[in-house]
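Hi everyone, thanks for coming. Please have a look at the screen, and then I'll walk you through what I found.

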Amino acid sequence: MAYETVLTETHGPVRLIRLNRPEALNALSVQLIKDLNAALDEAEAAQEIRCIILTGSEKAFAAGADVKEMQSNTYLDGYLGDFVAQWERVTQMRKPVIAAVAGFALGGGSELAMMCDFILAADNAKFGQPEIKLGILPGAGGTQRLTHLVGKSKAMELCLTGRMMDAAEAERAGLVSRVIPAADLIPEAIKVAQAIAGMSLPAVMMAKECINRAYETTLSEGIRFERRVFYATFATPDQKEGMQAFVEKRPPAFKS
């Protein structure tokens, strides 16, 4: 399907979704979010797709929300329209979503990357929450997800000063899982996504659900949840195949 502000590519079981507003450094407009959500829905529904990559351009993953579009908003516009709630679609994906970030991921762009399951960053990536410089504050999870990922002190500094941090600092802080040379970012992201796609999809989805639960409950409740989901994997054909393949010293051929 063709979209106005998003490009898609399919690499076997991997769907790559590319934000495509180069004239605005992929600023997150209403149309872009609409297109992105439709592309995510399509990938989620496609049985042959088992992992998704979300990326932008070499210059910018996304430079933030579209300021020109939202500058005239009022409180009631935001409240009654539930502004930015539509951005949360990526957090509702059951299939894994990898953010491949090059260039600027600022404001809403950083928040969108944090909504993904993990971030692979190019060595030229820069992250930040500069909303304070506009007289506002992050509104799509920047004060919340960032604090969960990097801790109170660094999140507070970044949100109150609006400064950017480079990829190396983001990796040290725990915001990104790995830093990759910019020229290798997309090939490496596809390689990682294809490795995930080769696993049992039910097991991948269950593992994702358990890790997300760790952010939303106590340790003891999370462990109970994990244990019950672990038991559930023994009801799947992939568990039988995976363990049989291990015993027979051969690669597993997962069917689910």
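By contact I mean heavy atoms within 4.5 Å. Before going on, a word on the source: this is a predicted model, where local features need pLDDT of at least 70 and side-chain atom pairs count only at pLDDT 80 or more, while totals for chains, interfaces and linings use all residues. Residues are numbered from 1 along each chain as its sequence is written, and side-chain values use heavy atoms, with hydrogens and water left out.

Which residues touch the most other members of the largest nonpolar core? They are Leu19, Leu54, Val101, Leu112, Phe127 and Leu175, in a core of 48 residues. Helix α1, residues 30-45, supplies the largest share of this core, with 6 residues. There is also a second, separate core of 19 residues, with Ala100, Ala102, Ile190 and Ile196 among them. For the terms, a nonpolar core is a set of buried Ala, Val, Leu, Ile, Met, Phe, Trp, Tyr and Cys residues joined through side-chain atoms within 4.5 Å. Buried means under 20% relative accessible area, exposed over 50%, and partly exposed in between, with a 1.4 Å probe and protein chains only. Helices (H or I, at least four residues) and strands (E, at least two) are DSSP runs, numbered from the N terminus.

Now the sheet. It is open, has 6 strands in the order β1-β2-β3-β5-β7-β10, and its pairing is mixed. Two strands pair here if DSSP finds at least two bridges between them. The edge strands, β1 (6-11) and β10, each pair on one side only. On average, neighbouring strands are turned by 25 degrees against each other, direction ignored. At one end, β1 and β2 (residues 14-19) run antiparallel, joined by 6 bridges, and Glu9 has Leu16 as its bridge partner in β2.

Further along comes β7, residues 118-122, which is mostly covered, with 4 of its 5 residues buried. Strand β5 (residues 97-101) runs parallel to β7 through 4 bridges; Ala100 has Leu120 as its partner there. On to β10 (residues 178-180): 3 bridges join it to β7, again parallel, and Ala121 is partnered by Val179.

What about the helices on this sheet? Helix α1 lies across β1, β2 and β3 (51-55), at about 180 degrees to β2. Helix α8, residues 185-197, touches β1, β2, β3, β5, β7 and β10, and its direction makes about 170 degrees with that of β5. Those angles run from 0 to 180 degrees between N-to-C directions, with axes fitted to C-alpha atoms, for helices over the stretch in contact.

Over to helix α11, residues 237-247. Its buried residues are Asp238, Gln239, Glu241 and Ala245.

Finally, two backbone details. Val84, in the loop between α3 (75-81) and β5, has a positive phi of about 70 degrees although it is not a glycine. Lys249, in the segment after α11, also has a positive phi, near 55 degrees. Are they buried or exposed? Val84 is buried at 15% relative accessible area, whereas Lys249 is exposed at 77%.
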